[in-house]
Amino acid sequence: MSKPENTLIRGISELVTNAGDPPGRFAALTDAALVIADGRVAWTGPAARAPATDVVVDAGGRAVLPGFADSHAHLVFAGERSAEFAARMAGRPYRAGGILVTVEATRAAPDGALRANLRRLAAEMLRQGTTTFECKSGYGLTVPDEARGLALAAEVTSEVTYLGAHVVPPEFAADPDGYVDLVCGPMLDACAPSARWVDVFCEDGAFGADEAAAVLAAGRAAGLGARVHANQLGPGPGVRVAAEAGAASADHCTFLTDADVDALTSTPVVATLLPGAEFGTRQSFPDARRLLDAGATVALATDCNPGSSFTSSVPFCIALAVREMRMTTEEAVWAATAGGARALRRTDIGHLGVGARADLILLDAPSHAYLAYRPGVPQIAAVWQAGRLVAGSAP
Ligand SMILES: [Zn+2]
């Protein structure tokens, strides 16, 4: 049997590794090279010291980054809500109830239509450099519809999240406790086999602290890790609930008290910021500087969904984070790669240290800063996933 092929990428102007010392910081090498073997990063270092390999790719003075880890997306749905977006931009405020429009369309859609939409969005993400993404249910809200959504999500990612507690569906409007019992009981039993995570929308108009804690506890008893939609539309208990449940991530974090910030710095909960949602709802952006300066671990993700944030573009979120949230370009790129990996409790992605999965992006630019410096411009020249070229073309 022949030896598996290994590949050298040389001519890298800037190689973002996130593999510095101490760990947990942005780190990059200039005039660098990288070797891929068996789908993993086998070597990184100065181009002049690169070892011989079977295949050589010349990056031509461009930057190489870890693939993006988008830790928050809602991709199993039917229909679209552009009219709602347009109305909102014309002055009508966003209400959580808009989700029900998508629930109705999703329930009515055949499997094939949901699968086609999901695959289209997954392919769109890959072309934009996202090599790992999380995908939630939450537009079915019946036992069979939630189970179907998660089975479909599991076809395209291993980071599958059960979000039966997205909103109380209309048929339970008079009995919200009954719906929580369903989410924690028969719906969970049907969904847990396809899922890795459980999530809850802890917000006024969705689920309160006690309900959210119950959903997370039931999910954890079924072997699922916890994540929370927290403090998006106003101050509330979401971050506290996430910290008490030992959640991997509290997502949105737009309205935080000092106690919330303390909870995010004194526990391993990642603060996942989703600026696409603030962009799409014209809310004020989360205070990323306050979190970073306090020492919280911050991730950036798209929140891709048809209502509040219909973008699949991590580069767009990086540009928003830098321009609107005063994150440095290094912080924003770290948050969208290593930060997303932390939010998913993954150590094999989000960095390009030796042994990492060879998920990487060749940027059509000399440095990571161009992601924010040239907003809206397609700059992802090529994408490798586990060492395999999956989008764009190698030079
Ligand atoms: Zn969300």
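What follows is a chat about the domains and the core.

Tutor: Keep in mind that this is a predicted model.

Student: Okay, which domains does the chain have?

Tutor: A domain can be built from separate stretches of sequence, and the assignment here gives domain 1 (7-67 + 351-392) and domain 2 (69-343). Taken over C-alpha atoms, their centres are 29 Å apart.

Student: How many residues of domain 1 are in contact with domain 2?

Tutor: Contact here goes by C-beta atoms within 7 Å. On that basis, 19 residues of domain 1 meet 20 residues of domain 2. On the domain 1 side, two or more residues each come from β4 (55-66), α14 (370-373), β14 (380-385) and β15 (388-392). β14 gives the most, with three residues.

Student: And what is that side like by class?

Tutor: The side of domain 1 touching domain 2 has 13 nonpolar residues, five polar and one charged.

Student: Now the core. Which residues have the most contacts inside the largest one?

Tutor: They are L34, V64, V215, I318 and A321, in a core of 135 residues. Helix α13 (residues 329-343) supplies the largest share, eight residues.

Student: Can we zoom in on L34? What is it in contact with, leaving aside neighbours within four places in sequence?

Tutor: L34 then touches I9, I12, L15, V41, T44, V64 and L352.

Methods. Residues are numbered from 1 along each chain as its sequence is written. This is a predicted model: local features need pLDDT of at least 70, side-chain atom pairs count only at pLDDT 80 or more; totals for chains, interfaces and linings use all residues. A nonpolar core is a set of buried Ala, Val, Leu, Ile, Met, Phe, Trp, Tyr and Cys residues joined through C-beta atoms within 7 Å. A residue is buried if 20 or more other C-beta atoms lie within 10 Å of its own, exposed if 12 or fewer, and partly exposed in between; C-beta atoms are placed from the backbone. Helices (H or I, at least four residues) and strands (E, at least two) are DSSP runs, numbered from the N terminus. Two residues are in contact if their C-beta atoms, placed from the backbone, lie within 7 Å. Domain bounds come from an automatic or database domain assignment. Ala, Val, Leu, Ile, Met, Phe, Trp, Tyr, Cys and Pro count as nonpolar, Asp, Glu, Lys and Arg as charged, and the others, Gly among them, as polar.
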